[in-house]
Amino acid sequence: MLLEVRNLHVGYGDAPALWGVSLEVDTGEIVSVIGPNGAGKTTLINAIAGLLRCRQGELRFDGCDMTRVRAHDYCNHGIALVPEGRRLFAKMSVEENLELGCYRAAARPARTRSLEHIYALFPILRDKRRQVAGELSGGQQQMVAIGRALMARPRIVLFDEPSLGLAPAIVDDMFDIIARVRSEGAAVLLVEQNVLKAAGIADRAYVLEQGRIATHGLPADLLQQPHIREAYLGV
Amino acid sequence: MPSATLLGQALISGVLAGGMYGLLAMGLSLSWGLLRLVNLSHFALAFLAAYIVYELGTTWHVAPWWSAALVVPAMFGIGAAQHWLFDRFRVNELASLLITFSVAVILEAGIQLYWTADFRRYETPYSTLSIKAGPFFIPVLELALCLVAGTLAWGTWLWLRRTFVGKALRASAEDADIAAAYGVNHKQLAYLLSGIGAAYAGIAGTFIALIATLAPAEIWTWLGVVFAVVIIGRLGNPLGALLAGMLIGASQSVAMAIFSPAWAPVVSFSILIVVLLWDPEWL
C-alpha cells in the first residue's frame, strides 16, 4: 500500500478536526474523499502533506512512518500538494512557481525536462511564463498549481478542491488532467465538493463527515446509497 | 540660487553619501522583507564593526581590508547567533523591533563602556584622497564604498532572482507552509540570510570607520533616513535599497545646497510619504 492512514487524529489548538480517520491509497489509484464543508477534508489533506502535525494515529507512506518526518522532507518521499485556493507564490513569475516545485534535490536535475513537460501539458503557461502568477486567471493559476506539483516528480499528488471557483468548461479540463496524472504513474488523492465529478473519476471513494469516515467503497455503490443521494445530490 | 558647479558637486556628494544609506539599508531590507524581522540592532552591529576596525587600525596598525576580512565573517556569525534567539523564542515582526531596539541600546552601552563617549577618528592616508573630474571632486573612499555597495546589491539581487536558494527565500516569505511542502527548509535559510544581513553591517561598518567620526550615540543618526530608504526601495529588494539610498542622498544634498541643511530630513520623509500615497500597497 502506498499511503496508509490509520486512526488519525488532527486538531487545531484544543479543537479536534479529525477523529480517527483511516484511509488507503494504492499505487496507480485515484481515490476521492467527498464530504460537506467543514467535514475536515482540507485538514486531512494538509495532514497527509505534512502541513499539520498528527496528534495520534498512523500516517505511513510507502511503509515509512511520516509522523516522524519533518514538514520540508515530505516532498522528498514523493508527496506533492495542489492546495485549496491554489496558494501560488503570487509575486513570483509563473516559471519561478514551477521551479519551486522541483526545489527538492532529487527533482532538480530534471528541471528543464520537467518544465518542457508542463509546458506541453499547459501550452498557455509557456506564453505566460515571465508573468507574475498573481495576475493569471483562476484556471491558469490552477494549471500552475498542478504544474508545480508535477515538477516535484511525485509518487502521489494530493488535490484539494481543484474545481473550486473555476468555470464549468475548465473544471472538465482539470479532471482530464487528474486522469492524466494517474496515467503517468502517480497515485491521486482527490478532495472534492463536486461529488459527481469526483465519483466519476475515482477508483474508490471515502465519505468524510464531521471529522470521521462515514462510509467508503466503490463510487458507483456509494452513489446508490439513499443517504449519499439525499445529502450530496439532492435527490 | 547656487552655481551649477556647486549643485553638481552637491549631487555627486549626495549620490556617494547615498551609497552608505543603501549599504546600511540592504541588510535591514533583506531581513524585514524575507524574514519579517525588523532588525534595529543592524545599526549597532555596523558601529561595533566600525569600532573594531578603528581599534585594529589605530592600536595594532592592521590595514582596514584585513580588519574587514576578520570583522565581516565574525558579523556573519553574530547575525546567525542572533537569529538563533529569534528562532528559539518565536519572535514576530513587532517583537523583533522591540527586542533588537534593546539589543542596540545594550550594544551602544557596551561600546561606550569600552571606547568611552569621546569622538574617535580613524585617520588613514587615503581618507582625504579625491579624484578631480572637471570642476568636481570625487572622494576616493566614498567612491569605493559605492562600488562595493553596487556590487553587493547587484550580486544579492541576482542571487535572489536566479538561484534556487534565492527563489526559495522569496517563496517562503510569501507562503512558508507551501514552500515547506515543496522542500524549503525555511529555518536553515533564515540563519543564512540573517548571517548575510549582519555581514553587510560589517562591510558598512568598515566604511563608517574610514569615512565617519565615531561616537556611540552616532548609532542612531542614520536610523530615520535608512528606514525611509528601506521602504522606498521596497522590502527585500537589495537593488531597490541602493537606488533609493542614492536618490535620497542626492535629494538631501541638493536641498541642503539650495535651501539649508535643516531641510535634509524633510526631503527623505517627503519622498517616503509621496511613495506611500502614490501606491499604498508599496510596503
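Predicted model: local features only at pLDDT ≥ 70, side-chain atom pairs only at ≥ 80, totals over all residues.

**Sheets, contact and chains**

A: In chain A, strand β1 (residues 3-12) and strand β4 (residues 56-61) pair in the antiparallel sense, over five bridges. Pairing here takes at least two DSSP bridges between two strands. Helices (H or I, at least four residues) and strands (E, at least two) are DSSP runs, numbered from the N terminus.

Q: What do β4(A) and β5(A) form?

A: A hairpin, with two residues between the strands. A:Asp62 sits in the turn and has a positive phi of about 50 degrees.

Q: Which strand order does that sheet have?

A: The order is β2-β1-β4-β5 in chain A, an open sheet of four strands with antiparallel pairing. β2 (15-25) and β5 are the edge strands, each pairing on one side only. Helix α1(A) packs on this sheet, touching β1, β2 and β4 of chain A, and its direction makes about 115 degrees with that of β1(A). Touching, or contact, is C-beta atoms, placed from the backbone, within 7 Å. For the angles, axes are lines fitted to C-alpha atoms (for helices over the stretch in contact), and values run from 0 to 180 degrees between N-to-C directions.

Q: There's another sheet in chain A. What's the order in the one with six strands?

A: β6-β7-β8-β3-β9-β10, again open, but with mixed pairing. Its edge strands are β6 (79-82) and β10 (212-217) of chain A, and each pairs on one side only. From one strand to the next, the twist averages 20 degrees.

Q: Do β7 and β8 run parallel or antiparallel?

A: Parallel: five bridges join β7 (residues 156-160) to β8 (residues 187-192) in chain A. Along that pairing, A:Val157 stands opposite A:Val188 of β8(A).

Q: What lies across that sheet?

A: Helix α1 (residues 41-48) of chain A lies across β3 (30-34), β7, β8 and β9 (204-209), running at about 155 degrees to β8(A).

Q: How about chain A overall?

A: Chain A has nine helices and ten strands, and its C-alpha trace spans about 50 × 40 × 35 Å along the principal axes. Buried residues make up 47% of its 235 residues. On burial: 20 or more other C-beta atoms within 10 Å of a residue's own count as buried, 12 or fewer as exposed, and in between as partly exposed, with C-beta atoms placed from the backbone. Of the contacts in chain A with a separation of 6 or more, 67% come from residues 24 or more positions apart.

Q: And chain B?

A: Chain B comes to eleven helices and two strands, running α-α-α-α-β-β-α-α-α-α-α-α-α from the N terminus. Its C-alpha atoms fill a box of roughly 60 × 50 × 30 Å, taken along the principal axes. Of its 283 residues, 48% count as buried. Among contacts in chain B between residues at least 6 apart in sequence, 78% join residues at least 24 apart.

Q: Which residues does B:Val229 touch?

A: Not counting residues up to four places away in sequence, B:Val229 touches B:Tyr21, B:Gly22, B:Ala25, B:Ala241, B:Ala244, B:Gly245 and B:Ile248.

Q: Last one: where's B:Trp157?

A: In helix α5 (residues 140-162) of chain B. B:Trp157 counts as partly exposed because 18 other C-beta atoms lie within 10 Å. Leaving aside neighbours within four places in sequence, B:Trp157 is in contact with B:Pro238 and B:Leu239. B:Ala49 is 108 residues from B:Trp157 in sequence and 24 Å away in space, C-alpha to C-alpha.

Terms used: Residues numbered from 1 in each chain as written. Chains lettered and ligands numbered in written order. Contact = placed C-beta atoms within 7 Å.
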